[in-house]
Amino acid sequence: MWTAPDNNRHRFGEMAFWLEQARLAEDAGFDAIFLADVIGVYDRFNGLDPALRLGVQIPNLDPLSLIPAMAAVTTRLGFAATFSTTYEPPFAFARRMSTLDLLTEGRVGWNIVTSYLPNAARNFGLADEIEHDERYERAEEYLEVLYKLWEQSWDEDALVIDREKDVFTHPDRVHYINHKGRHHQVEGPHLVQPTRQRTPVLFQATGSKRGLEFAARHAEAVFIGGRTREEIRHNIAQTREQAALNGRDPNDLKFYVMAGLIAGNTEVEAQEKLNRYRERYSVEAAHVHAQAEIDLRNFDRSLTIGEALEQSGRPFGNMGRRFGPDQTVGSALDQIASFEQGRFFVAGTPSQIADAVEDWLDEDGIDGINLRQYHTFETARDFGELIAPELRKRGRLPERNSPPETLRHRLFGFDRLPTSHPAHQLPLPVHAQTASFS
(Lines give C-alpha, C1' and ligand atoms only; values in the text may rest on other atoms or scores of the structure.)
Protein backbone atom coordinates (compact mmCIF):
# COMPACT_ATOMS: atom_id res chain seq x y z
CA MET A 1 0.00 0.00 0.00
CA TRP A 2 2.98 2.35 0.30
CA THR A 3 2.73 2.90 -3.47
CA ALA A 4 -0.79 4.35 -3.21
CA PRO A 5 -1.24 8.08 -3.95
CA ASP A 6 -1.28 10.25 -0.82
CA ASN A 7 -0.13 7.36 1.39
CA ASN A 8 2.37 8.74 3.91
CA ARG A 9 4.14 5.50 4.80
CA HIS A 10 7.35 6.62 3.11
CA ARG A 11 7.61 9.42 5.72
CA PHE A 12 8.18 6.98 8.59
CA GLY A 13 11.63 8.46 9.19
CA GLU A 14 10.23 11.94 9.83
CA MET A 15 9.32 13.11 13.33
CA ALA A 16 6.36 15.02 11.87
CA PHE A 17 4.89 11.75 10.55
CA TRP A 18 4.62 10.24 14.04
CA LEU A 19 3.32 13.44 15.60
CA GLU A 20 0.56 13.65 13.01
CA GLN A 21 -0.25 9.97 13.52
CA ALA A 22 -0.54 10.44 17.27
CA ARG A 23 -2.70 13.56 17.12
CA LEU A 24 -5.01 11.93 14.61
CA ALA A 25 -5.36 8.75 16.68
CA GLU A 26 -6.12 10.62 19.89
CA ASP A 27 -8.67 12.85 18.21
CA ALA A 28 -10.35 9.78 16.69
CA GLY A 29 -10.74 8.23 20.14
CA PHE A 30 -8.38 5.27 19.92
CA ASP A 31 -7.23 3.75 23.21
CA ALA A 32 -3.72 3.22 21.89
CA ILE A 33 -1.44 3.04 18.92
CA PHE A 34 -0.07 -0.48 18.59
CA LEU A 35 3.51 -0.66 17.31
CA ALA A 36 4.34 -4.08 15.94
CA ASP A 37 7.98 -5.04 15.56
CA VAL A 38 10.39 -7.68 14.30
CA ILE A 39 14.12 -7.90 14.93
CA GLY A 40 14.97 -9.84 11.80
CA VAL A 41 14.06 -9.94 8.13
CA TYR A 42 11.47 -11.97 6.24
CA ASP A 43 13.88 -13.89 4.04
CA ARG A 44 12.43 -17.40 3.98
CA PHE A 45 10.55 -16.84 0.73
CA ASN A 46 13.09 -16.36 -2.09
CA GLY A 47 15.66 -14.72 0.14
CA LEU A 48 16.04 -11.07 1.10
CA ASP A 49 15.45 -9.56 -2.35
CA PRO A 50 11.60 -9.45 -2.38
CA ALA A 51 11.35 -8.13 1.18
CA LEU A 52 13.65 -5.22 0.33
CA ARG A 53 12.19 -4.58 -3.10
CA LEU A 54 8.58 -4.59 -1.88
CA GLY A 55 9.18 -2.90 1.47
CA VAL A 56 7.98 -5.80 3.62
CA GLN A 57 9.01 -5.05 7.24
CA ILE A 58 12.28 -3.42 6.21
CA PRO A 59 13.39 -0.68 6.79
CA ASN A 60 12.08 -0.96 10.35
CA LEU A 61 12.58 1.49 13.23
CA ASP A 62 12.83 0.79 16.96
CA PRO A 63 9.24 1.29 18.22
CA LEU A 64 10.22 2.17 21.79
CA SER A 65 12.13 5.20 20.53
CA LEU A 66 9.02 6.61 18.85
CA ILE A 67 6.79 6.73 21.93
CA PRO A 68 8.13 9.83 23.76
CA ALA A 69 7.61 12.06 20.72
CA MET A 70 4.01 10.92 20.27
CA ALA A 71 3.31 11.16 23.99
CA ALA A 72 4.51 14.76 24.05
CA VAL A 73 1.71 15.90 21.73
CA THR A 74 -1.09 13.83 23.32
CA THR A 75 -2.63 13.46 26.79
CA ARG A 76 -4.96 10.43 26.58
CA LEU A 77 -3.55 8.18 23.86
CA GLY A 78 -1.77 5.00 24.95
CA PHE A 79 1.12 3.24 23.22
CA ALA A 80 1.70 -0.51 23.07
CA ALA A 81 5.02 -1.67 21.64
CA THR A 82 6.35 -5.10 20.77
CA PHE A 83 9.52 -6.36 22.47
CA SER A 84 11.02 -9.84 22.53
CA THR A 85 11.90 -11.83 25.65
CA THR A 86 14.40 -14.04 23.83
CA TYR A 87 17.48 -12.00 22.97
CA GLU A 88 17.97 -8.86 25.07
CA PRO A 89 18.57 -8.83 28.86
CA PRO A 90 15.55 -8.10 31.08
CA PHE A 91 17.34 -5.58 33.31
CA ALA A 92 17.92 -3.09 30.48
CA PHE A 93 14.38 -3.52 29.16
CA ALA A 94 12.90 -2.98 32.62
CA ARG A 95 14.57 0.43 32.87
CA ARG A 96 13.55 1.39 29.34
CA MET A 97 9.88 0.60 29.96
CA SER A 98 9.82 2.31 33.36
CA THR A 99 11.32 5.39 31.76
CA LEU A 100 8.56 5.37 29.15
CA ASP A 101 5.91 4.89 31.82
CA LEU A 102 7.25 7.94 33.66
CA LEU A 103 7.50 10.11 30.57
CA THR A 104 4.01 9.19 29.33
CA GLU A 105 2.42 9.35 32.81
CA GLY A 106 1.43 5.71 32.63
CA ARG A 107 0.30 5.35 29.04
CA VAL A 108 2.46 2.44 27.86
CA GLY A 109 1.87 -1.23 27.22
CA TRP A 110 4.12 -4.08 26.17
CA ASN A 111 3.28 -6.70 23.55
CA ILE A 112 5.18 -9.77 24.77
CA VAL A 113 6.69 -11.86 21.99
CA THR A 114 9.32 -14.59 21.92
CA SER A 115 10.43 -13.94 18.27
CA TYR A 116 10.10 -16.53 15.56
CA LEU A 117 12.33 -15.33 12.70
CA PRO A 118 15.45 -17.46 12.11
CA ASN A 119 17.25 -14.33 10.96
CA ALA A 120 16.51 -12.69 14.31
CA ALA A 121 18.28 -15.54 16.10
CA ARG A 122 21.31 -15.19 13.85
CA ASN A 123 21.35 -11.43 14.46
CA PHE A 124 21.88 -12.14 18.16
CA GLY A 125 24.61 -14.73 17.78
CA LEU A 126 22.64 -17.98 17.59
CA ALA A 127 22.85 -20.55 14.82
CA ASP A 128 19.07 -20.82 14.47
CA GLU A 129 15.86 -19.91 16.25
CA ILE A 130 15.21 -21.48 19.64
CA GLU A 131 12.52 -24.16 19.68
CA HIS A 132 8.98 -22.80 20.21
CA ASP A 133 8.19 -24.15 23.69
CA GLU A 134 11.71 -23.44 24.93
CA ARG A 135 11.25 -19.79 23.97
CA TYR A 136 8.20 -19.69 26.22
CA GLU A 137 10.13 -21.29 29.08
CA ARG A 138 12.70 -18.51 28.75
CA ALA A 139 9.90 -15.96 28.64
CA GLU A 140 8.53 -17.23 31.96
CA GLU A 141 11.82 -16.46 33.68
CA TYR A 142 12.15 -13.16 31.82
CA LEU A 143 8.78 -12.07 33.23
CA GLU A 144 9.78 -13.22 36.71
CA VAL A 145 12.83 -10.95 36.62
CA LEU A 146 10.77 -8.02 35.36
CA TYR A 147 8.09 -8.46 38.03
CA LYS A 148 10.75 -8.46 40.72
CA LEU A 149 12.24 -5.25 39.33
CA TRP A 150 8.98 -3.44 38.62
CA GLU A 151 6.86 -4.61 41.54
CA GLN A 152 9.27 -5.51 44.38
CA SER A 153 12.53 -3.63 44.13
CA TRP A 154 11.15 -0.26 45.29
CA ASP A 155 8.65 0.33 48.08
CA GLU A 156 5.89 2.73 47.17
CA ASP A 157 7.18 5.44 49.53
CA ALA A 158 10.90 5.02 48.82
CA LEU A 159 11.32 8.23 46.82
CA VAL A 160 10.79 11.25 49.11
CA ILE A 161 12.96 14.13 47.74
CA ASP A 162 13.11 15.69 51.20
CA ARG A 163 15.31 18.82 50.98
CA GLU A 164 15.16 19.63 54.68
CA LYS A 165 16.41 16.20 55.75
CA ASP A 166 18.73 15.86 52.74
CA VAL A 167 17.14 12.53 51.75
CA PHE A 168 16.30 11.86 48.12
CA THR A 169 15.42 8.15 48.52
CA HIS A 170 15.06 6.09 51.70
CA PRO A 171 17.83 3.45 51.39
CA ASP A 172 15.95 0.87 53.45
CA ARG A 173 13.01 1.00 51.02
CA VAL A 174 14.92 -0.04 47.89
CA HIS A 175 15.91 -3.69 47.54
CA TYR A 176 18.19 -5.96 45.56
CA ILE A 177 16.24 -8.72 43.82
CA ASN A 178 19.13 -11.25 43.69
CA HIS A 179 17.56 -13.33 40.96
CA LYS A 180 19.50 -16.47 40.06
CA GLY A 181 17.81 -18.58 37.41
CA ARG A 182 18.55 -20.85 34.51
CA HIS A 183 18.82 -18.05 31.96
CA HIS A 184 19.31 -14.85 33.95
CA GLN A 185 21.21 -13.65 36.98
CA VAL A 186 20.15 -10.17 38.05
CA GLU A 187 21.17 -8.55 41.31
CA GLY A 188 19.25 -5.29 41.02
CA PRO A 189 17.98 -3.03 42.39
CA HIS A 190 15.79 -1.53 39.70
CA LEU A 191 17.15 1.83 38.57
CA VAL A 192 13.79 3.62 38.30
CA GLN A 193 11.36 4.52 41.08
CA PRO A 194 7.74 3.22 41.02
CA THR A 195 5.80 4.59 38.05
CA ARG A 196 2.09 5.21 37.58
CA GLN A 197 1.54 1.64 36.43
CA ARG A 198 4.74 -0.01 37.74
CA THR A 199 4.24 -2.83 35.20
CA PRO A 200 3.12 -1.70 31.73
CA VAL A 201 -0.13 -3.13 30.38
CA LEU A 202 0.71 -6.64 29.20
CA PHE A 203 -0.40 -7.58 25.67
CA GLN A 204 0.11 -10.85 23.87
CA ALA A 205 -0.83 -12.20 20.45
CA THR A 206 -0.91 -15.97 20.16
CA GLY A 207 -2.68 -18.95 18.71
CA SER A 208 -0.59 -21.90 19.88
CA LYS A 209 -1.50 -24.03 22.88
CA ARG A 210 1.67 -23.02 24.74
CA GLY A 211 1.14 -19.40 23.82
CA LEU A 212 -2.44 -19.41 25.13
CA GLU A 213 -1.24 -20.95 28.40
CA PHE A 214 1.33 -18.17 28.71
CA ALA A 215 -1.28 -15.52 27.92
CA ALA A 216 -3.66 -16.96 30.50
CA ARG A 217 -0.94 -16.65 33.11
CA HIS A 218 0.45 -13.20 32.25
CA ALA A 219 -1.43 -11.19 29.63
CA GLU A 220 -4.09 -8.59 30.29
CA ALA A 221 -4.97 -7.87 26.65
CA VAL A 222 -4.89 -10.82 24.26
CA PHE A 223 -5.00 -10.67 20.47
CA ILE A 224 -7.08 -13.76 19.81
CA GLY A 225 -7.72 -15.71 16.62
CA GLY A 226 -10.09 -18.26 15.16
CA ARG A 227 -11.52 -19.19 11.77
CA THR A 228 -15.13 -19.25 13.00
CA ARG A 229 -17.24 -17.58 15.66
CA GLU A 230 -17.28 -20.85 17.56
CA GLU A 231 -13.47 -21.04 17.50
CA ILE A 232 -13.15 -17.46 18.75
CA ARG A 233 -15.58 -18.06 21.60
CA HIS A 234 -13.87 -21.35 22.45
CA ASN A 235 -10.39 -19.76 22.50
CA ILE A 236 -11.61 -16.92 24.71
CA ALA A 237 -13.39 -19.28 27.11
CA GLN A 238 -10.39 -21.61 27.24
CA THR A 239 -8.03 -18.73 28.03
CA ARG A 240 -10.31 -17.39 30.77
CA GLU A 241 -10.61 -20.87 32.29
CA GLN A 242 -6.83 -21.25 32.27
CA ALA A 243 -6.48 -17.82 33.87
CA ALA A 244 -8.81 -18.91 36.67
CA LEU A 245 -6.70 -22.04 37.21
CA ASN A 246 -3.73 -19.68 37.66
CA GLY A 247 -5.62 -17.90 40.42
CA ARG A 248 -6.53 -14.90 38.32
CA ASP A 249 -9.90 -13.22 37.90
CA PRO A 250 -10.95 -14.24 34.35
CA ASN A 251 -12.53 -10.81 33.91
CA ASP A 252 -9.08 -9.22 34.20
CA LEU A 253 -8.41 -10.26 30.59
CA LYS A 254 -9.64 -8.48 27.48
CA PHE A 255 -9.65 -9.98 23.98
CA TYR A 256 -9.03 -8.19 20.69
CA VAL A 257 -9.05 -9.22 17.04
CA MET A 258 -7.40 -7.73 13.99
CA ALA A 259 -10.17 -6.11 11.97
CA GLY A 260 -10.39 -4.32 8.65
CA LEU A 261 -12.91 -1.48 8.40
CA ILE A 262 -13.26 0.40 5.12
CA ALA A 263 -15.78 3.20 5.40
CA GLY A 264 -17.57 5.42 2.95
CA ASN A 265 -20.48 7.81 3.20
CA THR A 266 -22.29 5.42 0.84
CA GLU A 267 -21.88 1.74 -0.02
CA VAL A 268 -20.67 2.74 -3.48
CA GLU A 269 -17.99 5.00 -1.99
CA ALA A 270 -16.81 2.24 0.36
CA GLN A 271 -16.65 -0.28 -2.49
CA GLU A 272 -14.67 2.13 -4.64
CA LYS A 273 -12.20 2.59 -1.80
CA LEU A 274 -11.90 -1.18 -1.35
CA ASN A 275 -11.26 -1.65 -5.07
CA ARG A 276 -8.64 1.10 -4.98
CA TYR A 277 -6.85 -0.68 -2.14
CA ARG A 278 -7.09 -4.07 -3.84
CA GLU A 279 -5.29 -2.75 -6.90
CA ARG A 280 -2.21 -2.17 -4.75
CA TYR A 281 -2.18 -5.56 -3.08
CA SER A 282 0.86 -7.72 -3.85
CA VAL A 283 0.51 -11.50 -3.92
CA GLU A 284 4.30 -11.79 -3.86
CA ALA A 285 4.51 -9.60 -0.75
CA ALA A 286 1.83 -11.76 0.89
CA HIS A 287 4.05 -14.80 0.32
CA VAL A 288 7.00 -12.93 1.83
CA HIS A 289 5.10 -11.88 4.94
CA ALA A 290 3.66 -15.37 5.39
CA GLN A 291 7.21 -16.75 5.10
CA ALA A 292 5.69 -19.25 2.71
CA GLU A 293 7.53 -22.49 2.12
CA ILE A 294 6.39 -22.55 -1.52
CA ASP A 295 5.11 -20.17 -4.18
CA LEU A 296 1.44 -21.04 -4.53
CA ARG A 297 1.34 -19.49 -8.00
CA ASN A 298 3.47 -22.37 -9.32
CA PHE A 299 0.98 -25.15 -8.48
CA ASP A 300 -2.27 -26.47 -9.86
CA ARG A 301 -5.17 -24.70 -8.18
CA SER A 302 -6.95 -27.99 -7.46
CA LEU A 303 -4.14 -29.34 -5.28
CA THR A 304 -4.36 -28.99 -1.52
CA ILE A 305 -1.60 -27.02 0.16
CA GLY A 306 -0.56 -30.22 1.92
CA GLU A 307 -0.16 -31.96 -1.45
CA ALA A 308 1.76 -29.02 -2.93
CA LEU A 309 4.14 -29.02 0.02
CA GLU A 310 4.60 -32.78 -0.26
CA GLN A 311 5.44 -32.44 -3.97
CA SER A 312 8.06 -29.86 -3.03
CA GLY A 313 9.46 -31.88 -0.15
CA ARG A 314 8.71 -29.01 2.22
CA PRO A 315 7.14 -29.24 5.70
CA PHE A 316 3.87 -27.57 6.67
CA GLY A 317 5.43 -24.84 8.79
CA ASN A 318 4.85 -21.11 8.53
CA MET A 319 2.01 -21.47 6.05
CA GLY A 320 0.03 -23.03 8.88
CA ARG A 321 -0.28 -19.58 10.42
CA ARG A 322 -2.60 -18.58 7.59
CA PHE A 323 -3.81 -21.63 5.69
CA GLY A 324 -5.00 -25.17 6.42
CA PRO A 325 -3.30 -28.25 4.91
CA ASP A 326 -6.59 -29.35 3.30
CA GLN A 327 -7.22 -25.92 1.79
CA THR A 328 -6.75 -25.86 -1.98
CA VAL A 329 -4.06 -23.79 -3.60
CA GLY A 330 -6.77 -21.98 -5.54
CA SER A 331 -8.74 -20.99 -2.46
CA ALA A 332 -5.56 -19.79 -0.75
CA LEU A 333 -4.67 -17.63 -3.74
CA ASP A 334 -8.23 -16.31 -3.84
CA GLN A 335 -7.96 -15.54 -0.13
CA ILE A 336 -4.83 -13.51 -0.75
CA ALA A 337 -6.26 -11.76 -3.80
CA SER A 338 -9.44 -10.87 -1.91
CA PHE A 339 -7.38 -8.72 0.43
CA GLU A 340 -7.44 -11.28 3.25
CA GLN A 341 -10.78 -9.95 4.38
CA GLY A 342 -11.55 -12.84 6.73
CA ARG A 343 -14.30 -12.80 9.32
CA PHE A 344 -13.46 -9.46 10.89
CA PHE A 345 -13.79 -7.30 7.85
CA VAL A 346 -16.47 -4.95 6.60
CA ALA A 347 -16.62 -2.32 3.86
CA GLY A 348 -19.66 -0.11 3.98
CA THR A 349 -21.36 2.88 5.53
CA PRO A 350 -20.70 3.91 9.15
CA SER A 351 -24.00 2.33 10.18
CA GLN A 352 -23.18 -0.97 8.49
CA ILE A 353 -19.72 -1.04 10.05
CA ALA A 354 -21.11 -0.25 13.51
CA ASP A 355 -23.64 -3.09 13.10
CA ALA A 356 -20.79 -5.49 12.33
CA VAL A 357 -18.63 -4.29 15.22
CA GLU A 358 -21.53 -4.64 17.65
CA ASP A 359 -22.12 -8.18 16.37
CA TRP A 360 -18.47 -9.06 17.01
CA LEU A 361 -18.63 -7.57 20.50
CA ASP A 362 -21.90 -9.19 21.50
CA GLU A 363 -21.78 -12.53 19.68
CA ASP A 364 -18.08 -13.35 19.36
CA GLY A 365 -17.39 -12.08 22.87
CA ILE A 366 -14.45 -9.83 22.00
CA ASP A 367 -13.72 -6.57 23.82
CA GLY A 368 -12.41 -4.53 20.94
CA ILE A 369 -10.43 -4.47 17.71
CA ASN A 370 -6.94 -3.76 16.50
CA LEU A 371 -7.71 -1.70 13.39
CA ARG A 372 -5.80 -2.82 10.31
CA GLN A 373 -4.21 0.25 8.74
CA TYR A 374 -4.57 0.11 4.99
CA HIS A 375 -3.75 3.69 4.10
CA THR A 376 -1.86 6.27 6.15
CA PHE A 377 -3.58 8.49 7.21
CA GLU A 378 -6.84 7.73 5.44
CA THR A 379 -7.72 4.64 7.52
CA ALA A 380 -7.41 6.40 10.87
CA ARG A 381 -9.09 9.54 9.56
CA ASP A 382 -12.04 7.53 8.25
CA PHE A 383 -12.41 5.87 11.62
CA GLY A 384 -12.39 9.19 13.45
CA GLU A 385 -14.67 11.06 11.06
CA LEU A 386 -17.08 8.34 9.92
CA ILE A 387 -17.07 5.28 12.20
CA ALA A 388 -16.34 6.65 15.69
CA PRO A 389 -19.31 9.07 15.80
CA GLU A 390 -21.69 6.20 15.02
CA LEU A 391 -20.11 3.97 17.67
CA ARG A 392 -20.29 6.80 20.23
CA LYS A 393 -23.95 7.33 19.41
CA ARG A 394 -24.50 3.67 20.31
CA GLY A 395 -22.51 3.93 23.54
CA ARG A 396 -19.65 1.77 22.27
CA LEU A 397 -16.89 4.40 22.51
CA PRO A 398 -16.14 6.93 25.26
CA GLU A 399 -16.60 10.61 24.57
CA ARG A 400 -13.74 12.33 22.77
CA ASN A 401 -12.70 14.57 25.67
CA SER A 402 -12.41 11.92 28.36
CA PRO A 403 -9.95 12.85 31.16
CA PRO A 404 -6.29 11.76 30.99
CA GLU A 405 -5.59 8.43 32.70
CA THR A 406 -3.19 5.53 32.54
CA LEU A 407 -3.59 3.01 29.76
CA ARG A 408 -4.51 0.31 32.28
CA HIS A 409 -7.12 2.56 33.87
CA ARG A 410 -8.57 3.33 30.45
CA LEU A 411 -8.90 -0.37 29.66
CA PHE A 412 -9.69 -1.85 33.09
CA GLY A 413 -10.55 0.95 35.50
CA PHE A 414 -7.44 0.67 37.73
CA ASP A 415 -3.78 1.70 37.46
CA ARG A 416 -1.84 -1.26 38.84
CA LEU A 417 -1.81 -5.00 38.23
CA PRO A 418 -4.48 -6.68 40.40
CA THR A 419 -3.26 -8.69 43.36
CA SER A 420 -4.37 -11.94 41.72
CA HIS A 421 -1.82 -11.46 38.93
CA PRO A 422 1.26 -13.73 39.15
CA ALA A 423 3.47 -10.65 39.45
CA HIS A 424 2.25 -10.43 43.04
CA GLN A 425 2.70 -14.12 43.83
CA LEU A 426 6.50 -14.13 43.86
CA PRO A 427 8.33 -14.32 47.21
CA LEU A 428 9.62 -10.99 48.43
CA PRO A 429 13.38 -10.34 48.60
CA VAL A 430 14.64 -11.67 51.94
CA HIS A 431 15.82 -8.30 53.22
CA ALA A 432 12.48 -6.71 52.31
CA GLN A 433 10.55 -8.98 54.65
CA THR A 434 9.93 -8.20 58.30
CA ALA A 435 10.29 -10.40 61.33
CA SER A 436 9.18 -10.12 64.97
CA PHE A 437 11.30 -11.27 67.90
CA SER A 438 10.46 -11.77 71.56
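The side chain of Thr 74 reaches the backbone oxygen of Met 70 at 2.9 Å. In this predicted model, Thr 74 sits in the loop between α3 (67-72) and β2 (78-84). Its relative accessibility is 5%, so Thr 74 counts as buried, the cut-off being under 20%.

**Surroundings of Thr 74**
- Leaving aside residues up to four places away in sequence, Thr 74 touches Ala 22, Arg 23, Glu 26, Phe 79 and Arg 107.

**Gln 291**
- Gln 291 belongs to the loop between α10 (283-289) and α11 (305-312).
- Its phi is positive, about 50 degrees, although Gln 291 is not a glycine.
- Gln 291 has a relative accessible area of 1% and is therefore buried.
- Its contacts, not counting residues up to four places away in sequence, are Tyr 42, Arg 44, Tyr 116, Leu 117, Pro 118 and Asn 318.

**The loop between β7 and β8**
- Pro 189 is found in this loop, which runs between β7 (185-186) and β8 (201-205).
- The peptide bond joining Gly 188 and Pro 189 is cis, with omega about 0 degrees.
- Arg 198 lies in the loop between β7 and β8 as well.
- Arg 198 is not a glycine, yet its phi is positive, at about 60 degrees.
- With a relative accessible area of 7%, Arg 198 is buried.

**A cis bond at Phe 377**
- Thr 376 and Phe 377 are joined by a cis peptide bond, with omega about 15 degrees.
- Phe 377 is placed in the loop between β12 (368-371) and α14 (378-393).

**Overall fold**
- The chain holds 15 helices and 12 strands.
- Its radius of gyration is 23 Å; a compact globule of 438 residues would have one near 22 Å, so the chain agrees with that rule.
- Along the principal axes, the C-alpha atoms fill a box of roughly 80 × 50 × 40 Å.
- Of the 438 residues, 50% are buried.
- Take the contacts between residues at least 6 apart in sequence: 73% of them join residues at least 24 apart.

**Surface and charge**
- The accessible surface comes to about 20,800 Å².
- Carbon and sulfur atoms account for 49% of that surface.
- The chain carries 49 positive and 65 negative side chains.
- The centres of the two charge sets lie 2 Å apart.

Notes
Residues are numbered from 1 along each chain as its sequence is written. This is a predicted model: local features need pLDDT of at least 70, side-chain atom pairs count only at pLDDT 80 or more; totals for chains, interfaces and linings use all residues. Side-chain values use heavy atoms; hydrogens and water are left out. Helices (H or I, at least four residues) and strands (E, at least two) are DSSP runs, numbered from the N terminus. The radius of gyration is taken over C-alpha atoms; the globule rule is 2.2 Å times the number of residues to the power 0.38. Buried means under 20% relative accessible area, exposed over 50%, partly exposed in between (1.4 Å probe, protein chains only). Contact means heavy atoms within 4.5 Å. Accessible areas come from the Shrake-Rupley method with a 1.4 Å probe; for residues, only the protein chains shown count as cover. Lys and Arg count as positive and Asp and Glu as negative; His and the chain ends are not counted. The place of a charge is taken as NZ of Lys, CZ of Arg, CG of Asp or CD of Glu. A polar contact is a pair of N or O atoms within 3.5 Å; within protein, one must be able to donate a hydrogen and the other to accept it, and residues adjacent in sequence count only if both atoms are side-chain atoms.
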